[in-house]
Amino acid sequence: MAKIFHCADLHLDSPFSGQSAEKSRLLRQSVFDTFRRAVERAYAERCDLFLIAGDMFDSEFASPATLEAVMSLFETHKDMVFAVSPGNHDPYSQNSFWKRAKLPPNAHIFASDNLTRFSMLSSEGEKLSVYGYAFTSSNLHRSPFAAQTPKDPSIINIVCAHADIYDPLTKNAYITPAEIAKTGFDYIALGHIHNPPPPTEQIQMAGTTYYAYSGALAGRGFDECGERGGLLLEMKKIDSELSLTYSFIPLSEYVFLNLTADVTGAADMTDILAKISPLAASVRKPQKTALRLTLTGDTAPGCNIGENAVAETFGPLFSFELQDFTAPLFDADTLRDDKTIRGAFFRALLPQLESDDHKTRAAAREALEYGLRALAGNL
Ligand SMILES: [Mn+2]
């Protein structure tokens, strides 16, 4: 049996520019810590091989400190082999930092944009061939492993590949499942797609070849929500037939979370809080959660939404962002029919209040609030 850990798209040294300086530093550190936990977990599971299928670093300018920390992590886990396939974000280019890395003997960085391989033995003595390639610039217009086949089909043949299997127009080593089926490799450890299918459907099969995206090791924004991690695989080959079991291992420290609440009918903050409080249960570790809450629906005119009170419903969050897409149009007939200047003001704003564009709605909602207060002599 061979045990393998597969991860990808760490994007170490990401700037997290949408966050404050302190929070971006914490998030940057947390991605590295998640990587460290992945290595330690794989080592504790006695994995033979640790695969990183591209975009280990966010850019071609890895910091020397992070690069050194990575190399030392490789070195201190010497009974596990590390294989890295540079991706479109961290290509093995002419002046790449990869060339400066002091690689320990148990680590292998694929350096060519053609398929190359190395051989190894699992702790139980099974033979493995590990194939891979590197992006050598930010794009790769063909797949280096399409139309390739393993040299020795009787052993376990793995490919570590940064590739796109979805978008035919991609410049990222496009390969189709039908082409994967023709290769006859045993397992393709893919990187590049940050949001893989759910764990139960994560490993797919084409012909006799298994393939999977592990997804980004740690979420870096609201387009990478929920728990993140890598795949722990066990493989055995008997009479040229592979049997494989796997589990998804969640490892990320911070979780990005999008929640939506319909607050239709709310007249004041008490109503708003009552409507959002059931959502609090979905935030398990507030201090480690970056939450974006979207409010929708029609509220009563004059219903003022206090962002801080809304945030407090969820506990001490790492960060909070409120998207208020509501419109103050609930039960607004009194205003609609009001013959005084209040009604005239409301009717003048109505097209904007009913706009499909949430920014226009938000501006109109604010204008209505201030306007009504001013008309009541209460500004
Ligand atoms: Mn990536």
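Let me start at one residue: arginine 46 touches Lys3 and Ser123, not counting residues up to four places away in sequence. Contact here means that the C-beta atoms, placed from the backbone, lie within 7 Å. Numbering starts from 1 along each chain, as its sequence is written. This is a predicted model, where local features need pLDDT of at least 70, side-chain atom pairs count only at pLDDT 80 or more, and totals for chains, interfaces and linings use all residues.

Back to arginine 46. It sits in the loop between α1 and β2. Helices (H or I, at least four residues) and strands (E, at least two) are DSSP runs, numbered from the N terminus. Is arginine 46 buried or exposed? It has 12 C-beta neighbours inside 10 Å, so it counts as exposed. The scale: buried is 20 or more other C-beta atoms within 10 Å of the residue's own, exposed is 12 or fewer, partly exposed is in between, again with C-beta atoms placed from the backbone. Lysine 3 is 43 residues away from arginine 46 in sequence, yet 7.2 Å away in space, C-alpha to C-alpha.

Next, the sheet. It is open, with 6 strands in the order β4-β3-β2-β1-β11-β12 and mixed pairing. Strands pair if DSSP finds at least two bridges between them. From one strand to the next, the twist averages 20°.

Inside that sheet, β1 (residues 2-7) and β2 (residues 49-52) are parallel, over 4 bridges. Isoleucine 4 is opposite leucine 49 in β2. Helix α1 (residues 21-44) lies across β1, β2, β11 (229-238) and β12, at about 170° to β1. Axes are lines fitted to C-alpha atoms, for helices over the stretch in contact; angles run from 0 to 180 degrees between N-to-C directions.

Now the core. The largest nonpolar core has 89 residues, and Leu49, Leu51, Ala161 and Ala189 have the most contacts inside it. Such a core is a set of buried Ala, Val, Leu, Ile, Met, Phe, Trp, Tyr and Cys residues, joined through C-beta atoms within 7 Å. Helix α1 gives the largest share, 6 residues. Domain 1 (2-250) and domain 2 (255-375) both contribute, so the core lies between them. Those bounds come from an automatic or database domain assignment. Leaving aside neighbours within four places in sequence, leucine 51 contacts Ile4, Phe5, His6, Ala83, Cys160 and Ala189.

How far apart are the C-alpha centres of the two domains? They are 43 Å apart. Across the boundary, 8 residues of domain 1 are in contact with 6 of domain 2.

Last stop: β10 (residues 209-213). All 5 of its 5 residues are buried, so the strand is largely enclosed by the rest of the structure. Thr209, Tyr211 and Tyr213 point one way, Tyr210 and Ala212 the other.

Two partners for β10 to show you. Strand β8 (residues 187-191) runs parallel to β10, with 4 bridges. Isoleucine 188 stands opposite tyrosine 211 there. Strand β9 (residues 203-206) is antiparallel to β10, also joined by 4 bridges. Alanine 206 has threonine 209 as its bridge partner. The β9 and β10 hairpin has 2 residues between the strands, and glycine 207 takes a positive phi near 60°.

Key. Two residues are in contact if their C-beta atoms, placed from the backbone, lie within 7 Å.
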